[in-house]
Amino acid sequence: MQLFIDSANLEEIREVSRWGIIDGVTTNPTLIAKEGKDFRQLIKEICEIVDGPISVEAISMQGGEIIKEARGLSRIHKNIVVKIPLTKEGLKAVKVLSKEGIKTNVTLCFSATQALLSAKAGANFVSPFVGRLDDISGRGMDLVREICTIFHNYHFPTQVIVASVRHPLHVLEAALLGADIATCPFPVLEQLLKHPLTDIGIKRFLEDWEKIPKKRDKRPR
Ligand code: G3P
């Protein structure tokens, strides 16, 4: 399973990339706006930190305009994946861009039929937003299950990015369902790591280490 960070914050991206667990990055206009930095410069810096797919969202709404914008975005770096909203115009753009070898991530996916159409159009990735479905009393992970089943049934190469992840259980369920990728905000990545018994165990071992008689240096060599 691949883990992406859902962030445009350079400190967060740098930190998790040092953990050795990050395979890619997803951004969106909301995350980019939070940083208050020049858009292209910020994307370039993200691409220098993580050597993997870096999703950047196109904001055009008409097929031709989306295609032009996607071509421009893809020139920023070889790892750019263009996020395209799940609309008729978006699908038209995905079809053209997939033939040109420009990678696409069809975003704002809220139904399995939307995901099916994205795969048919040639999307490299599709992003079901699980948290936003849960927010309106839907079942985000049911959607992921349906999409994974459909893609498996027909051998679609489109990869599923579980997005709008809010807590570790989303990641656990995504992994159990065999979703290709979960993209997580930094706090969720930290939550995946933490366990109180690990902290208690370390504290106890360090306390017990102090009780061991030592000849010279206190630290092991
Ligand atoms: O990047 C897209 C997605 O992960 C957004 O999540 O928390 O704004 O629903 P959220």
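Me: How much accessible area do L169, L172 and L176 have together in their nonpolar surface patch?
Reply: Keep in mind that this is a predicted model. L169, L172 and L176 form a nonpolar patch on the surface. Taken together, their accessible area comes to about 330 Å².

Me: Does L172 count as buried, partly exposed or exposed, and what puts it there?
Reply: L172 is found in helix α9. Its relative accessibility is 46%. Buried needs under 20% and exposed needs over 50%, with partly exposed in between, so L172 counts as partly exposed.

Me: Which residues of α9 are buried, and how are they placed around the helix?
Reply: Helix α9 covers residues 168-177, and its buried residues are H170, V171 and A174. Looking down the axis of α9, you'd find these buried residues within an arc of 95°, so they line one face of the helix.

Me: Which elements do the buried residues of α9 pack against?
Reply: There are strands and helices on the list. The strands are β1 (2-6), β7 (159-162) and β8 (181-184). The helices are α7 (130-135), α8 (140-154) and α10 (186-193).

Me: Is S127 buried or exposed, and which residues does it touch?
Reply: S127 has its place in strand β6 (residues 125-128). At 1% relative accessibility, it counts as buried. Leaving out residues up to four places away in sequence, S127 touches N105, V106, T107, L108, C109, I161 and A163.

Terms used:
Residues numbered from 1 in each chain as written. Predicted model: local features only at pLDDT ≥ 70, side-chain atom pairs only at ≥ 80, totals over all residues. Heavy atoms only, no water. Buried < 20%, exposed > 50% of the residue type's maximum accessible area, 1.4 Å probe, protein only. Helix = DSSP H or I, 4+ residues; strand = E, 2+ residues; numbered from the N terminus. Arc of directions from axis to C-beta. Contact = heavy atoms within 4.5 Å. Patch = residues over 30% accessible without salt bridge, like charges linked within 9 Å, V, L, I, M, F, W, Y side chains within 5 Å. Areas by Shrake-Rupley, 256 points an atom, 1.4 Å probe, with all protein chains shown as cover. Salt bridge = Lys/Arg side-chain N within 4 Å of Asp/Glu carboxyl O.
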